[in-house]
Amino acid sequence: MAAHIVRSTREMACLVDGGISEERTIVLRRAHPNAESPTVHLEGGAAHRRIDGRDEIISDNQLLDIGMQIKQKKKKKKKKKKKKKKKTVAGIDQVELLDPLLLAEPDSCFFEFMGVSIHHKICSAEGDQREGSQCSSPRSCRLGLPMILLHGFGATVFSWRKVMKPLADLVGSSVVAFDRPAFGLTSRVDYPPKPSSASMAASTHLSPYSTAFSSLVTLSFMDKLKGSDKAILVGHSGSLVAVDAYFEAPERVAALILVCPALIAPLFSSNSSERDLHEREDRRPENAEIGRSDRKNMFCGILLFLCALRFQAQVVMVWMIKRILYLLSRFCKNLLSEILRSYFGILMLRFIFDRFCVTSIRNSWYDASKVTEDDIYGYLKPLRAKDWEKAVLEYVIALFTSTKPKKMSSCKRRLSEIACPVLIITGDHDRLVPAWNAKRLSLAMPGSHLKVMKNCGHLPHEERPEEFIAIVRTFLSTLKDV
């Protein structure tokens, strides 16, 4: 076996290169002095090794071979150390990812919707009373209306664990929380669908990771919950799913509770552009009448022709600009989709989650010291599911390349048309969605109620569940006639 170098690496380099100094004695021996392997030493520029009490001279080529063997062993050791290092994201092992079904908890439920297995949890009230709609005590208001809880980006049903049971007792009915596609333990499906998955392609062209798909899932839960034709929707953070579900079926939504909503209130009224359009249309008949009255005047006829030509040229120019912008937007969207679906996009997402996931969880609390290891593990648990990164990337792609962009944007413009009771809850120290945005949003929704919780962050239902339940109780007490 090759000997190990005791001296410095620099001396080893001199030995391998053949630059052996006659004035220096370099000893090569194994790490254990009692080993039976031979000892190699240099004396007077010649290399010797002692075997069974005899000295043998080693040629320069043999000495170089020994040095190369030592280098190769060191390289092998480094490779073994690299292999032992496991790939992790935010401390979660990424080598052996599991099917979401294997990560399910005892109270986890699944149901199939358009080819997607939706993970959800149901909590029923004690002594479920769905017939009465009166407040039986100061601490309960049994409306008999089911409640559906919708989490935000990166969260799961885990975020509602502290308030599901109190809310069920409060409304006197079932409370359901489900994992939106791309998050939690809901199954990850291939999108765009592969040729083998023809059933899903035939059933819907809608991305299962889009907001519209989550809205349809919300409405399907309303059908599953028995006892009432209406339900109370509670949306956290994004809240766009709850608002979109309302516009899909407003007669089925009894009330909306938006917690730290990330919806941006419109800055200007959408009626201004329509007003300008009507004014332009009103002016056109007048010009036509003037043209008809002055037909005999050739000069006025030529002027009218030039004005009409100019108007048609403007129409064509506007159409061309819109078409170019549309093509550019489609090109940018397709390019962005291809980049995110590539291996580079997966590496980028893993890097972002590894660096900022735990930090964002702690920043969601007003007092980060109250965040426990169990809280962090609960939020990071979905990172153990197979293809979690692909699903999150598809969710991001769906935000930018939605099949119904006009419909999604109209939800924000039609906030003033919401007729059901609305409660907006936010924290005064929300670092992710500032409280002033919730105040502006309440102004855009006439008749809404705004409650700002003091010394609270982005997760009021986790950080201060008792105060959160008290605010909801006060709001539900006004829904006796719903």
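Let me start with Ser220 and its contacts. Leaving aside neighbours within four places in sequence, Ser220 touches Phe111 and Phe113, where contact means heavy atoms within 4.5 Å. This is a predicted model, in which local features need pLDDT of at least 70 and side-chain atom pairs count only at pLDDT 80 or more, while totals for chains, interfaces and linings use all residues. Residues are numbered from 1 along each chain as its sequence is written, and side-chain values use heavy atoms, with hydrogens and water left out.

Ser220 sits in helix H5; helices here are DSSP runs of H or I with at least four residues, strands are runs of E with at least two, and both are numbered from the N terminus. Ser220 counts as buried because its relative accessibility is 12%. The cut-offs are under 20% relative accessible area for buried, over 50% for exposed, and partly exposed in between, with a 1.4 Å probe and protein chains only.

Now the helix itself. H5 covers residues 211-224, 14 residues, and reaches 20 Å from its first C-alpha to its last, close to the 20 Å expected at 1.5 Å a residue. That expected span is 1.5 Å times one less than the number of residues. H5 is mostly covered, with 11 of its 14 residues buried; among them are Thr211, Phe213, Val217, Leu219 and Met222.

Asp223, also in H5, is exposed at 55%. Asp223 makes a salt bridge with Arg252, with the closest N and O atoms 2.8 Å apart. The rule for a salt bridge is a side-chain nitrogen of Lys or Arg within 4 Å of a carboxyl oxygen of Asp or Glu. Arg252 lies in the loop between helix H6 (240-248) and strand S13 (253-259), so this pair ties together parts that are 29 residues apart in sequence.

How many salt bridges are there by this rule? The count comes to 11. Glu105, Asp107, Lys121 and Lys381 are linked in a network of them. Lys121 is in strand S9 (residues 116-123) and Glu105 in the loop between strands S7 (92-93) and S8 (109-113), so the bridge joins parts 16 residues apart in sequence. Lys381 also meets Glu105, at 3.4 Å, N to O. Lys381 is in the loop between helix H10 (373-380) and helix H11 (388-400), so this pair ties together parts that are 276 residues apart in sequence. On burial, Lys121 is buried at 13%, Lys381 is buried at 15%, and Glu105 is partly exposed at 35%.

Next, the cysteines. The disulfide count is 0, taking a disulfide as a pair of cysteine sulfur atoms within 2.5 Å. Cys456 is buried at 0% relative accessible area, and Cys357 is buried at 13%.

Last, the surface. Phe331, Leu335, Ile339, Phe344, Met348, Phe351, Ile352 and Phe356 form a nonpolar patch with about 780 Å² of accessible area together. Patch residues have over 30% relative accessible area and no salt bridge; nonpolar side chains (Val, Leu, Ile, Met, Phe, Trp, Tyr) are joined within 5 Å, like charges within 9 Å. Helix H8 (298-341) and helix H9 (343-363) each give two or more residues, and H9 gives the most, with 5. Phe344, in H9, counts as exposed at 53%.

Methods:
Accessible areas come from the Shrake-Rupley method with a 1.4 Å probe; for residues, only the protein chains shown count as cover.
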